[in-house]
Amino acid sequence: MRRLLTVFFAVWVVVGLFAVVRITISGWPGNPVEEATIKRAVDTFNNTIGKQKGIEVVWEPIAGDYKQVLMTRLSGGTGPDLFYVDVYVFEELARANVLLPLDTYVKRDNFDLNDFYPSLIEAFKYQNRLYGIAKDFSTLALWFNKEIFDKYKVPYLTNDETWDSFLKKLQQLKAAGFETPLALAPDFNRIIPFIISFGGRLVKPDLSTALGEPNSKKAIQFYIDLVTKYKVAKEPSALGSGWLGEALATEKCAVAMEGPWTIGFMRGSFPDTFKKMGIVEMPKGIKKATMIYTVAWSINRATPNRDAAWEVLKFLVTEGQRIFVEGAGVLASRKSIAAQDKDPVKQVFYKGAEYGVPWRVPTPTGIFSIANDQIGSLLKDLFAGKLTVDQAVKIIEDNYNNWVKK
Amino acid sequence: MKGLRLKYRTKEAIVGYLFAAPVIVSVLVFAIYPIFAAFYYSLTDYQPLEARKFMYVVDPYGALELHTGILREEAGNYTLDELLANFDPIQFVQLDLGVNLDDTEKELVKRYFDSASLISDFREGKLPERLKVSEFMKRYMRAYGHKFSKYVPKFVGLQNFEDIFSDKLFYTSFWNAFLYSLVVVPIQTLLAIILAVAANSKIKGVGFFKAVFFLPAITSSAALSMVFMLLYSKPGVINKILVAIFGKFGFQPIDYLNEPSIALFAIMAMNIWSTAGYFMVTFLAGLQDIPSSIYEAAKIDGANKFQMFWKITMPLLRPQIVFVSIMGTIGCMQVFDQIYFLVRNLRNITISYYIYKNAFEYGKMGYASALAVILFAVILILSLIQRKLIKEQY
């Protein structure tokens, strides 16, 4: 018995001596290229800073419905230590008090926030406290297939396209025999650049919906008309594709508005089509507009290892970000890294940061997910011709307050 | 020992229950308790994300540094009054400690929070480094500290039910589930009987057919959904075949799952196909129970196959029909996975998917529980009606 105890004790001491703090980091799984990149970042940390400070990082992606799984795990007390927070659900999580405010850490370490694009820092602030640091960002640009444009003898899209000239070129393609020039998704966030560039806005100053205002409505009408009236666009599923980038890569459409995430996807899986791609800025209406999508790393408020989690977070948005930018084709949220990013393909996306709007719709309760589902569903109806824009806008106006209440 | 001498029957009962204990306990824990809990939560505004709010371990120094903007090592440079002047207990607890408060809790904090003692501990460096929210509150509330030890969801009475009855999506999703059952149950039951009769006949390779009929039932619904997603897609096989046959009559390919008025029916067809084989097994068992002498007597009386089916087979399968239609209705009213995988338009969702969305995506657990209670009541009533309509006879 005593011998057994001694063995136990020895094992316990050994384990104790070499014990490392395990920090679990979670997000949604990316495509194979992105997965390889994040693994490389994790390995780099574990072999350098992690080794010195006794921290081991484990990447545990959550497949499927990220937000649902994350929220369930957080409520059960088994959430990851550090995780992705999409700007679109940020306020909901911040209000639920599951994210750790980072201000003291930033102050104590003199962590340089000025190196980040200000809009990306602002995007993750709630009640003047910082709850996450942008890991990267994306904007939308206009992708088109030069080969198809050549074949049907239509002039290329340019950086100075207006919505009218854009539509004209699509119609030329269609007239020349290319059935579906454009792929469009029935997602609310994809309409936002249209609304902004038409001079509309998403919400009024009192946070009620502004989608019924003339300019916003005109933008929605134009978006739907592309599908139902001019018949130059279809949704990806109608083309037999899962998403816009796939429709573009498989040449089922000639034009789509997509983000830099498609670069990595195409380079990896469709290198030949990628060579045919031209990428220009989004068409403009009264003004220029694009979407800014961004995701932050945030620390779980319930984590027992806050300091270690902060160390990991710091790495992920500095050295880690360099690895991501080089490997996965994302845009750096840090200006110093962005300045070194000379990839010519990405420049048009960086440019979008100057005039883009972040994908975050302010509401009185911070909750937008119900409204987003409902509007998305209405868009599907609109695409299918089940509703007119007037009817849809009326439904939105009548129910909006119910959708965003607690 | 005399006092412990039990009657034989009692002993036997104890041993019996001991043997059954694992099942009894697991049923109590995983079935009975959740059912009652759902009833309770349906009367509250249960917020899953807040369930653990008093159990978080907090770092009081960090929280105070955040609140005051003064680092702990600098705190000594300020007087108590200076620090107190900028201290707001409610904001401190809500934002910096990270505990969302409801109105009564806010009132308690406002009245009884001992700001002075907290701040002086901060100045003198006497704060604990790390402790649970509940312990922290016990320590720094002059009274009612125990109110902050366990999360109790707010009791809202029938509010959730009132909201449900003015929720359009409730009616849509409920009607969809109902329509789904109305179409699927009769067809799948009839189809299952036909399959069973076919599988029961004495033809060559009957085992092979049985296996083929049963195969969809043992395939994962996720895999089936993926296959049907391809079949139903616009450039999919079904459209190709239909265009090949009816193309000359002007048939246009349909995007089955994205067309709001067709999507639900497409899923119904898939479900009928996949579950008919499963219920076939029940009817097969029923068919084996029907004595062949009855069929022989009918033959002698000059009955044809069709008459024998309607006059003998169907009536004698009555118990199985009751069983299958009740189980089918329950399953159909709760249909979830195919909807989850295939439906993209809120117009086509069913009630259990709506429950899921509310509970896990919107974080409205109380509302979701209330929806679940209504679904439970409806299924109960439907089952009772079915039992009344198709009386069991033995």
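**Figure 1. The contact between chain A and chain B.** In this predicted model, 30 residues of chain A are in contact with 29 residues of chain B. On the side of chain A that touches chain B, two or more residues come from each of helix H4 (66-76), helix H6 (103-109) and helix H19 (369-383) of chain A. The greatest contribution to this side is that of H19(A), which gives seven residues. Sorted by class, the side of chain A that touches chain B holds ten nonpolar, twelve polar and eight charged residues.

**Figure 2. The overall form of chain B.** Chain B contains 19 helices and two strands. Its radius of gyration is 32 Å, well over the 21 Å that the globule rule gives for 394 residues, so chain B is more spread out than a compact globule. The C-alpha trace of chain B spans about 110 × 85 × 40 Å along its principal axes. The domain assignment divides chain B into domain 1 (2-41), domain 2 (57-148) and domain 3 (161-389). Taken over C-alpha atoms, the centres of domain 1 of chain B and domain 3 of chain B are separated by 37 Å. Of the 394 residues of chain B, 32% count as buried. Among the contacts in chain B between residues at least 6 apart in sequence, 76% join residues at least 24 apart.

Figure 3. The largest nonpolar core has 132 residues. Those with the most contacts inside this core are Leu182(A), Ala183(A), Ala256(A), Val312(A) and Leu313(A). Helix H15 (residues 306-317) of chain A gives the most to this core, with eight residues. Which residues surround Leu182(A), leaving aside its neighbours within four places in sequence? Leu182(A) is in contact with Leu170(A), Leu226(A), Val232(A), Ala233(A), Cys253(A), Val255(A) and Ala256(A) once those neighbours are left aside. A second, separate core consists of 38 residues, including Ile267(B), Val335(B), Leu342(B) and Val343(B).

**Figure 4. Strand S12 of chain A and its covered faces.** Strand S12 (residues 291-299) of chain A is mostly covered, and nine of its nine residues are buried. In a regular strand the side chains alternate between the two faces of the sheet. On one side of S12(A) are Met291(A), Tyr293(A), Val295(A), Trp297(A) and Ile299(A), all of them buried.

Figure 5. Strand S3 (residues 82-86) of chain A runs antiparallel to S12(A) and is joined to it by five bridges. Within this pair, Val85(A) stands opposite Ala296(A) of S12(A). Strand S6 (residues 133-139) of chain A also runs antiparallel to S12(A), and six bridges join the two. Here Thr139(A) has Ile292(A) in S12(A) as its bridge partner. Strand S13 (residues 357-358) of chain A, in contrast, runs parallel to S12(A), with two bridges between them. One residue of S13(A), Val357(A), is the bridge partner of Met291(A).

**Figure 6. Two loop residues of chain A with positive phi.** Where does Lys153(A) lie? Lys153(A) is placed in the loop between helix H8 (146-151) and helix H9 (163-175) of chain A. Although Lys153(A) is not a glycine, its phi is positive, at about 55 degrees. Lys153(A) has 9 other C-beta atoms within 10 Å and is therefore exposed, since a residue with 12 or fewer such atoms falls in that class. Glu251(A) is found in the loop between helix H12 (244-249) and strand S10 (255-258) of chain A. Phi of Glu251(A) is likewise positive, near 60 degrees, in a residue other than glycine. Because Glu251(A) has 13 C-beta neighbours inside 10 Å, Glu251(A) counts as partly exposed.

**Figure 7. Asp163 in chain B.** Asp163(B) belongs to helix H8 (residues 159-165) of chain B. Is Asp163(B) partly exposed or buried? Asp163(B) counts as partly exposed because it has 18 C-beta neighbours inside 10 Å, whereas a buried residue has 20 or more. Asp163(B) and Tyr367(B) are 204 residues apart along the chain, and their C-alpha atoms are separated by 8.4 Å.

Key: Residues are numbered from 1 along each chain as its sequence is written. Chains are lettered from A and ligands numbered from 1 in the order in which they are written. This is a predicted model: local features need pLDDT of at least 70, side-chain atom pairs count only at pLDDT 80 or more; totals for chains, interfaces and linings use all residues. Two residues are in contact if their C-beta atoms, placed from the backbone, lie within 7 Å. Helices (H or I, at least four residues) and strands (E, at least two) are DSSP runs, numbered from the N terminus. Ala, Val, Leu, Ile, Met, Phe, Trp, Tyr, Cys and Pro count as nonpolar, Asp, Glu, Lys and Arg as charged, and the others, Gly among them, as polar. Domain bounds come from an automatic or database domain assignment. The radius of gyration is taken over C-alpha atoms; the globule rule is 2.2 Å times the number of residues to the power 0.38. A nonpolar core is a set of buried Ala, Val, Leu, Ile, Met, Phe, Trp, Tyr and Cys residues joined through C-beta atoms within 7 Å. Two strands pair if DSSP finds at least two bridges between them.
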